[in-house]
Amino acid sequence: MIRHGHPGWPTWQWPSPDAPKTALEPESVITKIAFLDLQDQAPGIERLRQWALRAAAPRLGAVAVDVGCGTGTVLAELSRLVGPAGASVGVEPDPVLRELALSRHAGVPLTILAGTADRLPVADDSVDVLYCERVLQHVPDVEAAVAEFARVLRPGGIAVVIDTDYHTLRFSPLDEADERLVARRIVPEIASNPGIAAQLPRYLRQAGLTVDPEVGASALTFVGAQVLEWPGTLAVIRRAGSTGAITETDAERIVTAVTAAARDGSAFLSAGMFAFLARKCTDPGAPELTVASRHPGRGSTAPTPPPPAGDSP
């Protein structure tokens, strides 16, 4: 359970709603780091990550790439799974996050490269396992990004793509009208593709990948005071009122209702998350990907790490 004051949580303060716009942008460094650190501890996210990694089953000696590796939490786990004979490569556009990830995981054999999901600095047909978590909700050109996943995967390689479907958002004590207001007007302020999870099978298949029929599912959930402990809950709502995404009257009504429910323990906030597995297969006659076919046979030779088109910082 997430609690205020958890020893692993960073010490920080969400910027005031009256702060300059840049201080409240989702891209701001302090916001990114705080959100990533808190999400790392959310039970719903951890459960889905573990399910996905078990299902993908990276073998010793494999080449694993984490697209949008952030602070490096999953990248370090991929490094452990592939072992010293393998390669764990992160791709991250933010130089501060790249530096932070390298600092936090000093001594862990991993590489972090500058790059974006739609322009991966990785060679064709060189990756055994590609991992991408809650990145595509922010990517302007999802089709280009998924095409890049297909390009860098070697035949038989597997992509693990996890994302949120904010169309599943539930927010009590709000009535249906205010829930729709949050989902349609406020969520797009922080995620440009709020319903991307439901579209992932289509994008993956269009890129030529075979999608596993088994899908992992979980939810990011908060109950009672946890709703306010998630950084920025009220600030984002107020910000939407000040930018015109919703009216200031609507913003204050929602803030008042959420604050009262959080204090009396009745508030509830959730959004569904889904994990998809997709494999690259060049044989048109090959069978669809199944649970059993995910696990490569023993005795495979260790792959050569992908030659990147760039340097780690």
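Helix H11 is followed by Gly265, whose phi is positive, near 90°. This is a predicted model, in which local features need pLDDT of at least 70, side-chain atom pairs count only at pLDDT 80 or more, and totals for chains, interfaces and linings use all residues. Residues are numbered from 1 along each chain as its sequence is written, and side-chain values use heavy atoms, without hydrogens and water. Helices (H or I, at least four residues) and strands (E, at least two) are DSSP runs, numbered from the N terminus.

**Helix H11**

H11 covers residues 248-264, 17 residues in total. At 1.5 Å a residue it should span 24 Å, and its end C-alpha atoms are 24 Å apart, so the two agree. The expected span is 1.5 Å times one less than the number of residues.

Buried means under 20% relative accessible area, exposed over 50%, partly exposed in between (1.4 Å probe, protein chains only). Among the buried residues of H11 are Asp250, Ile254, Val258 and Ala262. Their cover includes strand S5 (153-172) and helices H7 (176-186), H9 (226-229) and H10 (233-243).

**Strand S1**

S1 (residues 63-67) is mostly covered, with five of its five residues buried. Val63, Val65 and Val67 point one way; Ala64 and Asp66 point the other. In a regular strand the side chains alternate between the two faces of the sheet.

Two strands pair if DSSP finds at least two bridges between them.

| Partner of S1 | Sense | Bridges | Example |
|---|---|---|---|
| S2 (residues 87-91) | parallel | five bridges | Val63 with Ala87 |
| S4 (residues 127-133) | parallel | four bridges | Val65 with Leu130 |

Methods. Contact means heavy atoms within 4.5 Å.
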